[in-house]
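Colleague: I'm new to this one. Can you walk me through it?
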Amino acid sequence: MMRDINTQVLVIGSGPAGYSAAFRSSDLGLKTILVEKHHDLGGVCLNVGCIPSKLLLHLSRVIREVQEISKQGVFFSPPIINLNQIKEHKNTIIKNLSSGIRSMAKSRKVDVLHGFGSFVNANVVQVVNEKEVINIHFENVIIATGSKPIQLPNINIDKKYIWNSNQALSLNSLPKRLLIIGSGIIGLEMATFYSSIGCIVDVIDRCNQVLPILDRDIIQVFTNSVKKYFNILLETKIEDITIQDNKILVTVNNNNNNQKSILYDAVLVAVGRTPNIQELKLESIGVKIDEHGFISVNDQLCTNIPNIYAIGDIVGPPMLAHKGIHQGHIAAEVIAGYKHYFEPIAIPSVSYTDPEIAWVGMSESDAISKNINYEVASFPWLASGRAVVSNCSNGVTKLIINKDSKKILGGVIVGRNAGELLSEITLAMEMGCDIEDISLTIHPHPTLCESIGLSAQIFEGSITDLINLKSKLLN
């Protein structure tokens, strides 16, 4: 069966970027259709990404805190891991949140169609499902099809032995020993969870540090904290992977040419993600793709074809849900006639490990490479009363400040709840506030967030919680 329908706005993909674009379009009075190839709405983030991983990391954090509090005289029995119950709880949360998105679509009169969409021309997308073929004639389209895990050549994904992030979050088995290939955010987060529930975890990477986008002093704080939980093998490559006797024999070689073979129960490939655009047939209508495989867009999220927009992971890094959400709003508003632009000064990033790492703006290395006259102000959480009593004194708050303009160039926090704390720095950068504005803002005490104000006081030379290196007595 084939039918034709018309709409003002078509959105392809129902992840955070897609459903945000669709709902914003509807709120602005535009007739909107949302197409999703899977049965459940919410995209990767809700179904096999952000939400399930944060549930597992929440469990991990509780387990760690229970272990830590025993040193203070409060004891609990060792945890019993019921993988099936955790899986059921995860699936229930995903189902409820996905149903919530569907309800919001219904209340906004956004029509949801399921099936695989591909372009017929610059004004028609054909959606195919088991029951019918639908030709959707649109005035404007917003592509928000997200990304998928990169698959390494010569390593085939096997749901039992060789995993991608989807399998790691499915909780179908609990390996005694797990190898994670890749020390980016996904790899480190999965190492955090699986090590907390009793797995022996090795993380392997060709790079010389985890998260190379960050400064070495920050990564040193992080690695010193996690080395008691899992192993990190840097500057190491995989020579061979073979499956034998229900185990995986992995041969690795480091930069000193030391080769060894280790048996694992499972291997997780977490080397990044790639844009999910292959099924769209964009080449048939001439949408421009850059050299990295991302869709090229301008600052209004429009492609080289005036009525075709793209948002989220498919337009390039950072591949973050919150970036896609904001882009979805902008694209919808541009289509509705507003002269809006996607021009963020800063986009925050968070690794929800334990401790968390949250950063925004420039790193110290960036400032050096750009030849900026900068200064660093770092507050160690060892000097924070709240951090000490909360068993998270292994953290640090670091600000990078332009010495000439007194503006914040960037900031990074390592420690519990770092992701929750980062927004103050992000807002300060977006508002263009002076570092003095933060140092003069009264932060509640004792809190972890006051470490941001104290870092600003270090720069200003008004700190009293540490030795003041700018004190007149010392100069």
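Modeller: One term to begin with: contact means heavy atoms within 4.5 Å. By that rule, histidine 443 touches Glu424, Ile438, Cys449, Glu450 and Gly453, leaving aside residues up to four places away in sequence. This is a predicted model: local features need pLDDT of at least 70, side-chain atom pairs count only at pLDDT 80 or more, and totals for chains, interfaces and linings use all residues. Residues are numbered from 1 along each chain as its sequence is written, and side-chain values use heavy atoms, with hydrogens and water left out.

Colleague: Where is histidine 443 placed?
Modeller: In the loop between helix 13 (435-439) and helix 14 (450-460). Helices here are DSSP runs of H or I, at least four residues, and strands are runs of E, at least two, numbered from the N terminus.

Colleague: Is histidine 443 buried or exposed?
Modeller: Buried, because its relative accessibility is 14%. Buried means under 20% relative accessible area, exposed over 50%, partly exposed in between (1.4 Å probe, protein chains only).

Colleague: Which side chain joins histidine 443 in a polar contact?
Modeller: That of glutamate 424, at 2.7 Å. A polar contact is a pair of N or O atoms within 3.5 Å; within protein, one must be able to donate a hydrogen and the other to accept it, and residues adjacent in sequence count only if both atoms are side-chain atoms.

Colleague: New topic. What is the strand order in the open sheet?
Modeller: It runs 18-19-22-21-20, with antiparallel pairing. Two strands pair if DSSP finds at least two bridges between them.

Colleague: Why is one side of strand 18 and of strand 20 left without a neighbour?
Modeller: Strand 18 (349-351) and strand 20 (374-380) are at the edges, so each has a single partner strand.

Colleague: How many bridges link strand 18 and strand 19?
Modeller: Three, in the antiparallel sense. Serine 349 has tryptophan 359 in strand 19 as its bridge partner.
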